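Please read these notes with the model open beside them. They are arranged by region, and each point can be checked on its own.

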Amino acid sequence: MTSNETSVLLGELAAYARARAAESIDVRTRALAANAEPVAAAAREMARRFTAGGRLFTFGNGGSATGAATLADLFARPADGIALPAWSLSADEAVLTAVGDDIGFESVFARQLAARGQSGDIAVAMSTGGNSPDLLAGSMEARERGMYTVGFAGGDGGAFRRDAAVDRCLVVGSRVAHRIHETHALLGYALWLSVHQHGVVGG
């Protein structure tokens with residue numbers, strides 16, 4: 001490759017990186033604005049439940065499983081001396097594979113919530129599309145147990161936005177998985193910050 005060809009290639013790569021960065025900023029900016037009220041409403045209810053002794057359970061598939069684990073870790077990390085009880089249901093591969101093998105993958109989160117969840121707790125399901133059957137089953141199980149349910153989704157929100165089992169749906173208006181995941185992380189941080197701003201007291 002000649003020096004001129006190298007310069008052209010580097011210029012194209014730089015232009016691509018700038019375009020993706022601009023796209024990312026735009027998606028995140030629009031999502032924060034569009035979800036300001038849902039985040040505030042969810043935070044108020046979550047703060048109330050945490051203060052009353054409620055616990056947070058998060059779950060998701062694939063990249064969203066990583067997002068769910070990150071969100072649980074964020075809430076469990078002490079802030080101003082307060083660490084909130086939070087766990088990711090996607091983190092235990094032994095439980096996931098046992099339930100998936102013995103009962104069926106659609107039950108991997110519902111069965112965990114049936115065993116651990118109770119009225120007053122909180123369930124957060126994360127998905128790029130909002131249509132995964134196992135996440136919907138988990139949200140339904142949580143709702144039936146008196147838990148407060150929040151869905152993170154991309155696109156138009158999918159079934160999360162339409163399902164009565166999801167109390168609040170935070171939607172990223174993009175169908176690009178990378179943009180959705182990184183914006184979910186930002187919305188999760190906004191939710192965590194808002195919960196603490198509501199004067200939550202660890203249960």
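The points below take up a helix, a loop residue and some aromatic rings in turn.

1. Basis of the notes. This is a predicted model, in which local features need pLDDT of at least 70 and side-chain atom pairs count only at pLDDT 80 or more, while totals for chains, interfaces and linings use all residues. Residues are numbered from 1 along each chain as its sequence is written, and side-chain values use heavy atoms, with hydrogens and water left out.

2. Helix α6. Helices (H or I, at least four residues) and strands (E, at least two) are DSSP runs numbered from the N terminus. Helix α6 covers residues 133-144, and its 12 residues reach 16 Å from the first C-alpha to the last, close to the 16 Å expected at 1.5 Å a residue; the expected span is 1.5 Å times one less than the number of residues. Just after α6, Gly146 takes a positive phi of about 85°.

3. Burial in α6. Among the buried residues of this helix are Leu135, Leu136, Gly138 and Ala142, where buried means under 20% relative accessible area, exposed over 50% and partly exposed in between (1.4 Å probe, protein chains only). The buried residues of α6 pack against β1 (56-60), α5 (110-116), β3 (122-126), β4 (148-154) and α7.

4. Asp163. This residue is placed in the loop between α7 (158-162) and β5 (168-172), and it counts as partly exposed because its relative accessibility is 22%. Leaving aside neighbours within four places in sequence, Asp163 is in contact with Leu136 and Met140, contact meaning heavy atoms within 4.5 Å. A polar atom of the Asp163 side chain lies 2.8 Å from the backbone nitrogen of Ala165.

5. Phe57 and Trp87. The structure holds 4 aromatic pairs, counted for rings of Phe, Tyr and Trp (its six-membered ring) with centres within 6.5 Å; planes under 30 degrees apart count as stacked, over 60 as edge-to-face and the rest as tilted. Phe57 and Trp87 form a stacked pair, at 5.7 Å centre to centre with 25° between the planes, and this pair links Phe57 in strand β1 with Trp87 in strand β2 (residues 86-88), 30 residues apart. Phe57 counts as buried because its relative accessibility is 0%, whereas Trp87 is partly exposed at 36%.

6. Tyr189 and Trp192. The ring centres of Tyr189 and Trp192 are 5.4 Å apart and the planes are at 35°, so this pair is tilted. The two residues are separated by about one helical turn because they are 3 residues apart in helix α8 (residues 177-197).

Key: A polar contact is a pair of N or O atoms within 3.5 Å; within protein, one must be able to donate a hydrogen and the other to accept it, and residues adjacent in sequence count only if both atoms are side-chain atoms.
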